[in-house]
Amino acid sequence: MMDFACPHAPRLFGDCTAIRALAGGLLAATLPRASWTHEAHLAATLCLVMERPDIDLDAELGGIIRRYNVAVGGENTDTAGYHETITRFYLEALRRFAAAAPAGERLVETVNRLLASPIGDRNYPLRYYSRERLFSVAARRAWLAPDLQELAV
């Protein structure tokens with residue numbers, strides 16, 4: 001289970017190359033497991049949203065993450081690994097964030113702004129979901145809509 005209980009300052013990125021390397025490592029399933037931090041999840045996904053229109057993220061992101069998890073020795077079970085609701089929730093939040101980014105803003109600036117925003121907070125989904133609903137087996141297996149409030153970015 002993801003640890004949403006420990007707020008901390010986000011680890012920001014120094015350049016676009018590091019972010020693109022995360023996204024590439026995710027796609028190739030070669031990113032070291034220790035590098036797959038909360039910030040890396042958000043940065044890699046935002047990079048894919050902004051720079052990879054050739055990937056149908058609605059159809060493919062789940063498989064990409066599941067394959068990566070297995071490649072680094074993880075599992076995709078009812079208690080670990082891929083989580084459909086969290087993935088879909090963040091994908092929508094990141095799409096909205098990217099759509100509102102200033103024209104011409106570099107990827108690194110957008111990612112760092114995202115990480116410093118409320119969306120970058122590990123507890124962000126809990127503004128929209130009760131803990132019970134978000135961490136249920138049903139939410140891990142399939143999309144569940146928020147039960148506290150609608151997503152507004």
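Predicted model: local features only at pLDDT ≥ 70, side-chain atom pairs only at ≥ 80, totals over all residues.
Figure 1. At 6% relative accessibility, the residue His38 counts as buried. A polar atom of the His38 side chain lies 2.9 Å from the backbone oxygen of Gly120. Helix α2 also holds His41. In contrast to the buried His38, His41 is partly exposed, with a relative accessible area of 27%. The side chain of His41 makes a polar contact of 3.0 Å with the side chain of Trp36. Between His41 and Thr85, which are 44 residues apart in sequence, the C-alpha to C-alpha distance is 14 Å.

**Figure 2. The cysteines Cys16 and Cys47.** No disulfide is present: a search of the whole structure finds zero. The closest cysteine sulfur to that of Cys16 belongs to Cys47 and is 8.5 Å away, which is too far for a bond. A disulfide would require the two sulfur atoms to be within 2.5 Å. Cys16 counts as buried because its relative accessibility is 11%. Cys47 also counts as buried, with a relative accessibility of 3%.

Figure 3. The structure holds seven aromatic pairs. In one of them, Phe89 and Tyr124 form a tilted arrangement, 5.7 Å centre to centre with 45 degrees between the planes. Phe89 lies in helix α4 (residues 84-99), whereas Tyr124 lies in the loop between α5 (107-116) and α6 (131-134), so this pair ties together parts that are 35 residues apart in sequence. Phe89 counts as buried at 2% relative accessibility, and Tyr124 counts as buried at 2% relative accessibility. Phe89 also forms a tilted aromatic pair with Tyr128, 5.3 Å centre to centre and with 50 degrees between the planes. Because Phe89 is in helix α4 and Tyr128 is in the loop between α5 and α6, this second pair ties together parts that are 39 residues apart in sequence. Both Phe89 and Tyr128 are buried. One aromatic cluster is formed by Phe89, Tyr90, Tyr124, Tyr128 and Tyr129.

**Figure 4. The largest nonpolar core and the surroundings of Ile19.** The largest nonpolar core has 42 residues, of which Phe13, Ile19, Val111, Ile119 and Tyr124 touch the most other members. At least two residues of this core come from each of α1 (16-28), α2 (38-51), α3 (57-71), α4 and α5. Helix α4 gives the most to the core, with eight residues. Leaving aside its neighbours within four places in sequence, Ile19 is in contact with Phe13, Ala43, Cys47, Leu107, Val108 and Val111. In soluble globular proteins, nonpolar side chains tend to be buried together.

**Figure 5. Helix α5 and its packing.** Seven of the 10 residues of α5 are buried, so this helix is largely enclosed by the rest of the structure. The buried residues of α5 are Leu107, Val108, Thr110, Val111, Asn112, Leu114 and Leu115. They pack against α1, α2 and α4. An α-helix has 3.6 residues a turn, so residues three or four places apart point the same way.

**Figure 6. The whole chain, as context for the close-up views.** The chain contains seven helices and zero strands, following the pattern α-α-α-α-α-α-α along the sequence. For 153 residues, a compact globule would have a radius of gyration near 15 Å, and the chain agrees with this at 15 Å. Taken along the principal axes, the box filled by the C-alpha atoms is roughly 40 × 35 × 30 Å. Of the 153 residues in the chain, 44% are buried. Among contacts between residues at least 6 apart in sequence, 68% join residues at least 24 apart.

Notes: Residues numbered from 1 in each chain as written. Heavy atoms only, no water. Buried < 20%, exposed > 50% of the residue type's maximum accessible area, 1.4 Å probe, protein only. Phe/Tyr/Trp six-rings, centres within 6.5 Å; stacked < 30°, edge-to-face > 60°. Helix = DSSP H or I, 4+ residues; strand = E, 2+ residues; numbered from the N terminus. Core = buried A, V, L, I, M, F, W, Y, C linked by side-chain atoms within 4.5 Å. Contact = heavy atoms within 4.5 Å. Polar contact = N/O pair within 3.5 Å; in protein donor to acceptor, adjacent residues only side chain to side chain. Rg over C-alpha atoms; globule rule 2.2 N^0.38 Å.
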